[in-house]
Every structure is written in structure tokens, then in C-alpha cells.
Amino acid sequence: MTKPIIRAAIKSDCPQMLELIKELAIYEKAPDEVTVSLAEFEEAGFGHNPIWGAFVAEVGDEIVGISLYYVRYSTWKGRRLYLEDLIVTEKMRGLGMGKQLFDRTLAYGKECGYHGMVWQVLDWNESAIKFYERYKADFDSEWINVSITY
């Protein structure tokens with residue numbers, strides 16, 4: 001197998017990235033929850049005021065993994081990255097691409113002078129939990145996720 005290229009995402013990657021996001025939604029048992037359009041996704045990442053960034057793992061001309069993040073602000077810690085999604089397509093899992101994407105995202109946060117990175121993981125996703133445990137990540141059982149949909 002060809003070694004993946006880890007690089008910053010570009011606008012033309014968005015259709016393949018959105019397919020990976022839909023694949024993740026199926027894996028997370030929520031296939032109907034992805035309602036963002038390609039146009040909105042592209043605008044949010046590459047429009048006049050981009051709000052997310054991403055790294056992709058590319059093999060040949062196929063995007064096989066993504067790490068999508070944005071900057072958040074903590075009144076206690078300052079600027080931090082929020083890792084929205086770390087996705088590797090099912091057929092490529094277990095080959096180290098998730099680690100390469102995660103490591104590149106961590107390095108980016110350090111390069112920017114941020115004070116850490118936060119993310120969520122489903123409590124039943126044992127393989128992801130074990131992956132993050134290898135990084136000695138802190139798991140917080142005190143906070144409850146809350147959201148409002150408009």
C-alpha cells in the first residue's frame with residue numbers, strides 16, 4: 001500500500017470529506033443526522049470567514065481520512081483546538097493514518113501557540129477510547145453534553 005500524504009485540506013477535498021463524515025454518522029448509528037449541504041460545508045471551511053480547518057490523509061487521489069478542527073476559547077485555559085472529527089475510512093483503519101492525522105493536528109495546535117486540544121468520544125467506541133488512552137488523554141466524567149438545535 002502507498003504511504004498516505006497528510007496535508008492541509010483544500011476546497012476541492014470537500015465532497016470526499018463529506019462522504020467520510022456520512023460514513024462516520026453511519027458508524028455512530030446516526031445516518032440521518034448529517035444535514036449540512038456541500039455548499040455550506042465549503043463556505044464554512046473556505047469562504048470569506050472560514051470557521052474550520054482540516055488535515056486529510058490522501059492515498060492516490062482518494063481522501064481516506066480527515067482531522068477537522070476549529071479554534072475555541074476557554075476562559076480558564078485560553079485558545080485551544082477543538083477536534084470535531086477524526087475519521088479514517090473503514091477499509092483503511094488500523095494502518096496508522098488516524099495517528100498521523102491526530103499527531104499532525106496536535107503539532108498544528110502547538111505551532112499556533114494554543115494551550116491544548118479537546119474533543120468528545122462516544123462512551124461505547126472502545127477502539128477510539130483505547131487510541132486516546134495511548135496519548136494519556138484526560139477523560140472527564142463530570143460534564144454533560146448540552147446542545148440546542150435551531
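**Note on a predicted model**

1. A hairpin of three residues links β3 to β4.

2. β3 and β4, the latter covering residues 78-88, are antiparallel and pair over ten bridges.

3. Val59 has Glu62 of β3 opposite. β2 and β3 also make a hairpin, with two residues between the strands. Gly60 sits in that turn and has a positive phi of about 65°.

4. The protein chain contains five strands and four helices. Read from the N terminus, their order is β-α-α-β-β-β-α-β-α. The chain has a radius of gyration of 15 Å, close to the 15 Å given by the globule rule for 150 residues, so it is as compact as a globular protein of that length.

5. The box filled by the C-alpha atoms, taken along the principal axes, is roughly 40 × 35 × 35 Å. As for burial, 37% of the 150 residues in the protein chain count as buried.

6. How many disulfides does the structure hold? The number is zero. Cys14 is in no disulfide, and the nearest cysteine sulfur to it belongs to Cys112, 19 Å away. A disulfide needs two cysteine sulfur atoms within 2.5 Å, so the sulfur of Cys112, at 19 Å from that of Cys14, is too far for a bond.

7. Is Cys14 buried or exposed? Cys14 is buried, since its relative accessible area is 0%. Cys112, with a relative accessible area of 27%, is partly exposed. The cut-offs that apply here are under 20% for buried and over 50% for exposed.

8. On the surface, a nonpolar patch is formed by Tyr27, Leu122 and Trp124. Together these residues have about 250 Å² of accessible area.

9. Where does Leu122 lie? Leu122 is in the loop between β5 (117-119) and α4 (126-133). This residue counts as partly exposed because its relative accessible area is 32%.

Methods: Residues are numbered from 1 along each chain as its sequence is written. This is a predicted model: local features need pLDDT of at least 70, side-chain atom pairs count only at pLDDT 80 or more; totals for chains, interfaces and linings use all residues. Side-chain values use heavy atoms; hydrogens and water are left out. Buried means under 20% relative accessible area, exposed over 50%, partly exposed in between (1.4 Å probe, protein chains only). Patches are made of residues with over 30% relative accessible area and no salt bridge: like charges are joined within 9 Å, nonpolar side chains (Val, Leu, Ile, Met, Phe, Trp, Tyr) within 5 Å. Accessible areas come from the Shrake-Rupley method with a 1.4 Å probe; for residues, only the protein chains shown count as cover. A salt bridge is a side-chain nitrogen of Lys or Arg within 4 Å of a carboxyl oxygen of Asp or Glu. Two strands pair if DSSP finds at least two bridges between them. The radius of gyration is taken over C-alpha atoms; the globule rule is 2.2 Å times the number of residues to the power 0.38.
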